[in-house]
Amino acid sequence: MSADDDQDDDELAPGLRKIIHVDMDAFYASCEQRDDPSLRGQPVAVGGSAARGVVAAASYEARRFGVRSAMPSVTAARLCPNLIFRKARFDVYRAVSQQIRTIFHDYTPHVEPLSLDEAYLDVTDDLKGIGSATRIAELIRARIREETGGLTASAGVSYNKFLAKLASDQNKPDGICVIRPGEGVNFVAGLPVRRFHGVGPRGAEKMSKLGIETGADLAAKDIAFLRANFGSFADYLYRAARGIDLRRVKANRPRKSLGAERTFDRDLSSGPMLREALDNIIEIIWERIERAEAKGRTVTLKLKHSDFTTHTRAKSLSRPVADRREFTQIGHALLDEVLPLPQPIRLMGLTLSAMDGEKEVEERPDGQLSLL
């Protein structure tokens, strides 16, 4: 593992790939600080400041106060009284994202965007014949800084997607981490399980009660134990604890749905709190639906209970959902059908699917707000 080791990395075992995960640092907020010098060094949140507003992104200065994306704006303002709100300018973010993707495609055609500010690259056979994924990641980061007017990116380099994504978060902001073949198991072993994608605060708390604090603790549990305690999530946890990920980098993934889910800091059960949480999720989703000019006919509500069991309810129309008002009505109707809940929930999600005529849309599954 290394943050700045230039050792060549082209000796791979059969079947292993050279994967880079690039993640822009506080992308939306950094764009605002770049374009308005008075915001530099200030705590900035991108999103609505109204009572029902939600933080879409927060600068690192704001994060020091505990401000996070997907947080209600009123909570963010309470945590950071000097927080400066800026409305999202997705036309600007999309233009910068396109600049960045053009840089990626100079090195490989195998680019899988996860969001406007995040992507996987498979550089096993890079276009320039450089050979070293670490060197390519450094060149990409330097070009991003130069060509976008000072924006920074962090990168993770490894032999699969799971490890590359973990690595990109290791030395943020403006850092790089390399996990070479043979190092993945030890790297994962030392991480708190909260760093694993999909393990939220409540999941980490449940694991702690079971004696699982780190990747090493998780790897010590057999699959039967994990399935008994985590159901369908067990297989993912078993592989993750061993640094295993067989997924390929897929360019131009077809978009089948748009959605968002929130893992709550504490389990929720009351109707008013659940309805407010659903409204916050709807605000985030609908913004993306409008941006993509997407149309869908099915709305699905997802609830994960405190015991990790998951239930879904869906409603399908014979035509696309007309507008935000109808989308909101359907979402609330689905929630009302299951109230009162038999037990509290730790996660809620809402999805629009059965899409047609959609354009590309960017989503970020990043642990702050996981997008489906």
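Predicted model: local features only at pLDDT ≥ 70, side-chain atom pairs only at ≥ 80, totals over all residues.
You will find Glu118 in strand 6, which covers residues 118-122. An unreviewed UniProt entry also marks Glu118, giving it the annotation "active site".

From the strand, let us turn to a pair of helices. Helix 1 (residues 27-35) and helix 4 (residues 90-105) have axes that come within 10 Å and cross at roughly 100 degrees. Angles of 65 to 115 degrees count as roughly perpendicular, and therefore helix 1 and helix 4 are described as roughly perpendicular to each other. On the helix 1 side, the residues that meet helix 4 are Phe27, Tyr28, Cys31, Glu32, Arg34 and Asp35. Their partners in helix 4 are Phe90, Val92, Tyr93, Val96, Ser97 and Ile100. By type, the residues of this contact divide into 8 nonpolar, 1 polar and 3 charged.

Our last stop is Gln170, in the loop that runs between helix 6 (161-168) and strand 8 (176-178). Gln170 is partly exposed, and its relative accessible area is 34%. Setting aside neighbours within four places in sequence, Gln170 is in contact with Cys177, Phe187, Leu191 and Arg195. What kind of contact does the side chain of Gln170 make with the side chain of Arg195? The two side chains make a polar contact, at 3.2 Å. Along the chain, Gln170 and Arg195 are 25 residues apart, while their C-alpha atoms are separated by 9.8 Å.

Definitions and conventions. Residues numbered from 1 in each chain as written. Heavy atoms only, no water. UniProt positions renumbered as here; feature names shortened; annotations may be inferred. Helix = DSSP H or I, 4+ residues; strand = E, 2+ residues; numbered from the N terminus. Axes fitted to C-alpha atoms, helices over the stretch in contact; angles between N-to-C directions. Parallel < 35°, antiparallel > 145°, perpendicular 65-115°, else oblique. Contact = heavy atoms within 4.5 Å. Nonpolar A, V, L, I, M, F, W, Y, C, P; charged D, E, K, R; others polar. Buried < 20%, exposed > 50% of the residue type's maximum accessible area, 1.4 Å probe, protein only. Polar contact = N/O pair within 3.5 Å; in protein donor to acceptor, adjacent residues only side chain to side chain.
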